[in-house]
Amino acid sequence: MYKIAAKYYDLIHQAHTGDIDLFCQLAQATDGAILDIGCGSGRLVIPIAEAGKAVTGIDNSADMFAVAQKRIAEEFEGKAKTAELIEQDILTWETDQRFELILIGMNTLMEFDNQTVLGLLKAAAHLLAPNGKIIIDVIQPFIMASLENEDGGFAEDEALDDGGRKLPMWSGWSADHEKQQVQIKWRIQDGGKKVEFSNLFHYRYLDQIMDYLPAADLQIDTVWGNYQQEAYDEESERMIVSLTSRSA
Ligand SMILES: C[S@@+](CC[C@H](N)C(=O)[O-])C[C@H]1O[C@@H](n2cnc3c(N)ncnc32)[C@H](O)[C@@H]1O
C-alpha cells in the first residue's frame with residue numbers, strides 16, 4: 001500500500017499534530033523504553049527522540065521505513081540519537097526487550113484485519129513491561145460508520161503544501177459497512193503526473209476491541225476521545241485506548 005503513498009504521507013498528515021503533543025507528553029512521563037508499532041515515516045518517533053527519550057520504531061513497509069531512516073539521519077546529524085528503527089513485521093518480530101510505553105499510533109490498528117488484529121494485541125502485550133501501557137489511537141468508529149458512498153468519486157481537498165509548491169489533492173472513499181471496512185483513496189497532482197493510492201481501514205467499536213482483550217491478557221486502563229485527554233463518547237473525534245496487562 002505504501003509504495004506510492006510513502007512519498008506523500010507526511011504532506012497529507014502535516015496538519016495532524018495533536019497526537020504528537022500527547023504522545024510526547026506520555027513519553028516524557030515514561031522512565032523506560034518506548035516502542036512505536038507501525039512507526040511509518042517516523043512522525044511520532046522523531047519528536048519523542050528529540051525530547052531525549054529512547055524510542056524504537058518498527059514498520060514492515062520498506063518504503064515507509066526508507067522515509068523514516070532518511071528523516072532520522074537528517075534530523076540527528078551530528079547529534080546523539082535515541083531512536084532506533086527496525087524493519088520487521090510486528091506479528092513475527094522477536095526480541096528480549098520489553099517496553100514501558102507501546103504506541104499503536106494514528107490509525108495503525110485499523111490496518112489489521114479481523115484475522116490479524118488479535119495477533120497484534122498479543123504481540124504488543126508480550127512486549128509490554130510489567131506496569132507498562134499500550135496506547136491505541138484510531139478514528140472514532142462512529143465517524144467511519146457514517147461515511148456513505150456517494151458516487152465512489154473524489155472530492156477536491158485543500159492542496160498539499162510541499163515547501164511552498166502547491167499540489168492539488170482529491171480524496172474519497174468506498175465503504176462496506178457490513179464488513180466495517182472503508183477504503184480511503186487519494187489522488188494528487190504532482191507537477192505533470194497524477195498519482196493515486198488507497199488504504200483499507202477496518203473500524204471497530206470499543207466493545208469489539210474489548211472482546212479481544214482477555215485473549216491478549218490485556219485490560220482497559222482508560223479511553224480518551226481526543227488528544228486533550230477528554231473522556232470518550234460516541235461524539236468524540238478520536239478513540240484513544242490505554243491498555244495495561246491483566247496479570248501485572
Ligand atoms: C497509518 S500508518 C501510521 C504511521 C505512524 N504511526 C504515524 O502515526 O504516522 C500505519 C503504519 O503501520 C505499518 N504497519 C502495518 N502493518 C504492520 C505490521 N504487521 N508490522 C509493522 N508495521 C506495520 C504500515 O507500514 C504503516 O507505516
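Predicted model: local features only at pLDDT ≥ 70, side-chain atom pairs only at ≥ 80, totals over all residues.

Modeller: Gln-180 counts as partly exposed, because 18 C-beta neighbours lie inside 10 Å, whereas 20 or more would be required for a buried residue. Gln-180 is placed in the loop between strand 7 (165-176) and strand 8 (181-190). Its phi is positive, about 55°, although the residue is not a glycine.

Asn-131, however, is found in strand 5. It counts as exposed, because it has 10 C-beta neighbours inside 10 Å.

Where the domains meet, ten residues of domain 1 are in contact with nine residues of domain 2. On the side of domain 1 that touches domain 2, the largest share, five residues, comes from helix 1 (residues 2-12). By class, the residues on that side of domain 1 are seven nonpolar, two polar and one charged.

Met-110 counts as buried, because it has 25 C-beta neighbours inside 10 Å. Residues up to four places away in sequence being set aside, Met-110 touches Val-138, Phe-201, His-202 and Tyr-203. Val-138 is 28 residues from Met-110 along the chain, yet their C-alpha atoms are separated by 7.0 Å.

Strand 4 contains Leu-103. Leu-103 is buried, because 28 other C-beta atoms lie within 10 Å. Apart from its neighbours within four places in sequence, Leu-103 is in contact with Phe-23, Asp-36, Ile-37, Leu-44 and Ile-135. Leu-103 and Ala-124 are 21 residues apart in sequence, and their C-alpha atoms are 9.1 Å apart in space.

Ala-124 is itself one of the buried residues of helix 5 (residues 117-127), a set that also includes Leu-120, Leu-121, Ala-123, Ala-125 and Leu-127. The buried residues of helix 5 pack against strand 1, strand 4 and strand 5, and also against helix 7 (206-212), strand 10 (218-224) and strand 11 (238-245).

Phe-23, a contact of Leu-103, belongs to the buried set of helix 2 (residues 18-28), together with Asp-19, Leu-22 and Ala-27. These buried residues line one face of helix 2, because they fall within an arc of 135° when seen down its axis. They pack against strand 1 (34-37), helix 3 (45-50), strand 4 (99-104) and strand 5 (128-139). The face of helix 2 turned away from the buried side carries the exposed residues Asp-21, Gln-25 and Gln-28.

The spacing of such positions follows a general rule. An α-helix has 3.6 residues a turn, so residues three or four places apart point the same way.

The buried residues of helix 4 are Met-64, Phe-65, Val-67 and Ala-68. Seen down the axis of helix 4, these residues fall within an arc of 160°, and they therefore line one face of the helix. Their packing partners are helix 1, helix 3, strand 2 (55-59) and strand 3 (83-87). On the face of helix 4 turned away from the buried side are the exposed residues Ala-62, Lys-70, Ala-73 and Glu-74. Helix 1, one of the elements packed against helix 4, is also the element that gives five residues to the side of domain 1 touching domain 2.

There remains the ligand. It is surrounded by 19 residues, the closest being Gly-38, Gly-40, Ser-61, Gly-105 and Met-106. By class, the shell consists of eight nonpolar, seven polar and four charged residues.

To return to your request, the residue I would inspect is Gln-180, a partly exposed position with a positive phi of about 55°, in the loop between strand 7 and strand 8.

Technical notes: Residues numbered from 1 in each chain as written. Buried ≥ 20, exposed ≤ 12 C-beta atoms within 10 Å, placed from the backbone. Helix = DSSP H or I, 4+ residues; strand = E, 2+ residues; numbered from the N terminus. Arc of directions from axis to C-beta. Contact = placed C-beta atoms within 7 Å. Near = placed C-beta within 6 Å. Nonpolar A, V, L, I, M, F, W, Y, C, P; charged D, E, K, R; others polar.
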